Amino acid sequence: MGARAQYVVVENGRWQRYYSHWGAQRVVGDLLPGPDAATRCFRANREAEEWLDDVWCEGAALVDHDRKVLLWFTFLDTWAEHRAARAVLARTWPGWDVRFAHDAVGDLTHHLGLGRDLTRVPEPLEAHEPAWYSETDETDPWTVLSLRLPDGSVRAWGSCNEPVDLLADGPGLADLLAAAPGTPVPTEMPYGGIHYDPRARTVSVWAVQAVTGIHRWPRPGWEGWTLDFRGDDHTRQAELLPADYPFPRPSLAVGLRRLGHGLGTPPPDPNALLALATRAPGPEGAVAVVNPAALVPHNPADPTPAELAALGRVLDALAAEADAD
């Protein structure tokens, strides 16, 4: 149990790791007030001797004061919240190169000159055997897949699987899609998309979440294909989608308001959650064991009133701009 986060602060040519057992879901909230507040927050956590790997790290941030670079990743509930976070960070970190770390901790270690494999979990040497089932009643897909057919037209489908898992199926999945029935038009923006162009042997990918290992190309089964990775930019796929399968257009203002809700409130005490978990019945003879790290709450240094006020003004200004569009 936990939402493990890793932080790195770089300053004056030196870097230091920090760890929070419960901080992953608060990475964005800790970053929004700006670089000074974020640095104080991360340094308030305990120093870490080791890196979290791709399995255990659910959120991370690297604040490089020397090069004015911010790298971050975590999972936000909606596409709109991700886009809202990007919009706010662009204003509260002026002069900084703010990037979403699609390769998760691999982007952080790469930035430090340590390569991308330091925390990488071994991957299969071959592509999965592809499988497909059209979910004919699912209107809230995780990923939208689109395929250019031999006649030049494009079809699209929704999937409940993440982009990284669908890529593991290799290009053979496109063959299954070509013969598959359609799926409903999405009513919510997906977290990612993949577009297959077999004739050009190109696959285009975007996501508002980590796509671990995306820079290791070709992945198994994709030999001879070109990867067109577009970060979190969905607009190219939106242009390619057929007219009867458009992306929805959620309001950025909704995402901004969700981000602003609860800012400045302390994180919940994990001990109450742990008490419930340890009281839950288990298999006969089982004894509940608690990781000692789970007993340490995420207890960041709070932003100053001035920092919170400045953040509030940014949120209000962006919401007003979004409402005016």
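**Helix packing and an open sheet in a predicted model**

Q: At what angle do helix 8 and helix 10 pack?
A: The model is predicted. Helix 8 spans residues 252-260 and helix 10 spans residues 305-324. Their axes lie 8 Å apart, and the packing angle is about 160 degrees.

Q: Are helix 8 and helix 10 roughly parallel or roughly antiparallel to each other?
A: The angle between them is about 160 degrees. Angles over 145 degrees count as roughly antiparallel. Helix 8 and helix 10 are therefore roughly antiparallel.

Q: Is the crossing of helix 8 and helix 10 left-handed or right-handed?
A: These two helices pack with axes 8 Å apart. Their crossing is left-handed.

Q: How many nonpolar residues does the contact of helix 8 with helix 10 have?
A: From helix 8 come L252, A253, L256, R257 and G260. They meet L315, L318, A319, A322 and D323 in helix 10. By class, the contact has 1 polar residue, 2 charged ones and, as the number asked for, 7 nonpolar.

Q: Which are the edge strands of the open sheet of 5 strands?
A: The strand order is 8-7-9-10-11, with mixed pairing. Neighbouring strands are turned by 15 degrees against each other on average, direction ignored. An edge strand pairs on one side only, as do strand 8 (154-159) and strand 11 (226-229).

Q: Which residue in strand 11 is the bridge partner of T202?
A: Strand 10 covers residues 202-207. Strand 10 pairs with strand 11 in the parallel sense, over 4 bridges. In strand 11, the partner of T202 is T226.

Conventions:
Residues are numbered from 1 along each chain as its sequence is written. This is a predicted model: local features need pLDDT of at least 70, side-chain atom pairs count only at pLDDT 80 or more; totals for chains, interfaces and linings use all residues. Side-chain values use heavy atoms; hydrogens and water are left out. Axes are lines fitted to C-alpha atoms, for helices over the stretch in contact, and angles run from 0 to 180 degrees between N-to-C directions. Angles under 35 degrees count as roughly parallel, over 145 as roughly antiparallel, 65 to 115 as roughly perpendicular and the rest as oblique. A crossing is left-handed if the near helix is turned anticlockwise from the far one by less than a right angle, and right-handed if clockwise. Contact means heavy atoms within 4.5 Å. Ala, Val, Leu, Ile, Met, Phe, Trp, Tyr, Cys and Pro count as nonpolar, Asp, Glu, Lys and Arg as charged, and the others, Gly among them, as polar. Two strands pair if DSSP finds at least two bridges between them.
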